[in-house]
Amino acid sequence: MTILLPDLPYAYDALEPYIDEETMHLHHDKHHNTYVTNVNAALAKHPEIGEDLEKLLSDVTAIPEDIRQAVINNGGGHLNHALFWELMTPEKTEPSAALLADIEASFGSFDDFKAAFTAAATTRFGSGWAWLVVNKEGKLEVISTANQDNPISEGKTPILGLDVWEHAYYVKYRNVRPDYIKAFFSVINWNKVDELYAAAKA
Ligand SMILES: [Fe+2]
């Protein structure tokens, strides 16, 4: 078994005009594919640890030192992107009543959540991700991580994530990351977020 690049769950141009077709091709076919190639190369050096990336990244100290950073970077890169594609859709979706109620309880209002998520995505210096996670106490939290670090390495379950690496937006939005973040809110697949939230709370 090796880790495979998943197909996008929609056409490359499906998220236009918010996320452009050229970006989706580069991002999926080149960047994501490179993470897949590199994580397979790292894991091949230690077949004894298996290929369950969620398990491996939930306790990175257990990863052999000579491949640890490669697995964090490329295994995280694979998991993050595989999730990211599913977190977007050309269809109009909305959070479930249960998720919306918990977002309002945690952040004050949906707009306050959006502001917190936008701030996390905007202020992440350099490359990284903004996340809505379920923390160890079962509560919703907005965080950001550097590079391809996945929240599961901090014991947090991601239910929404936004890639803020320049490769995710530079073709269309150039240096204007805030416009890309705003556009992302038009393509979030809240059905997927609901599904992940229910699983995280179970
Ligand atoms: Fe990316």
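These notebook entries record what I looked up in the structure.

**Entry 1: the model**

I began with the provenance: this is a predicted model, in which local features need pLDDT of at least 70 and side-chain atom pairs count only at pLDDT 80 or more, while totals for chains, interfaces and linings use all residues. Residues are numbered from 1 along each chain as its sequence is written, and side-chain values use heavy atoms, with hydrogens and water left out.

**Entry 2: domains**

I found the chain divided into domain 1 (21–86) and domain 2 (97–201); these bounds come from an automatic or database domain assignment. To their contact (heavy atoms within 4.5 Å), domain 1 gives 20 residues and domain 2 gives 21 residues. I noted 20 Å between the two domain centres, taken over C-alpha atoms. I then looked up the buried area, the accessible area (1.4 Å probe) that two parts lose on being put together, summed over both. For domain 1 and domain 2 the value is about 1,600 Å², with 59% of it on carbon and sulfur atoms.

**Entry 3: UniProt annotations**

I consulted the UniProt record, whose positions are given in the numbering used here, with feature names shortened and annotations that may be inferred rather than shown by experiment. An unreviewed entry there assigns "domain: Manganese/iron superoxide dismutase N-terminal" to residues 5–88. I read this span as 61% helix and 0% strand, with its end C-alpha atoms 17 Å apart. Helices (H or I, at least four residues) and strands (E, at least two) are DSSP runs, numbered from the N terminus. The unreviewed entry also places "domain: Manganese/iron superoxide dismutase C-terminal" on residues 96–195. There I noted 43% helix and 21% strand, and 10 Å between the end C-alpha atoms.

**Entry 4: pockets**

I next turned to pockets. On a 1 Å grid over the protein atoms alone, a pocket is an open set of points where a 1.4 Å probe fits, with protein on both sides within 12 Å along at least five of seven lines; lining residues have an atom within 4 Å of a point.

Of its 13 lining residues, I listed E54, L79, L83, P158 and L196 as the closest to its centre. At least two lining residues come from each of α3 (65–86), β3 (157–163) and α8 (190–201). Domain 1 and domain 2 each supply at least three.

For the second largest pocket I recorded about 200 Å³. Among its 13 lining residues, K92, T93, F185, S186 and W190 are the closest to the centre.

Definitions and conventions. Points joined across faces, edges and corners; volume = space filled by probe spheres on them.
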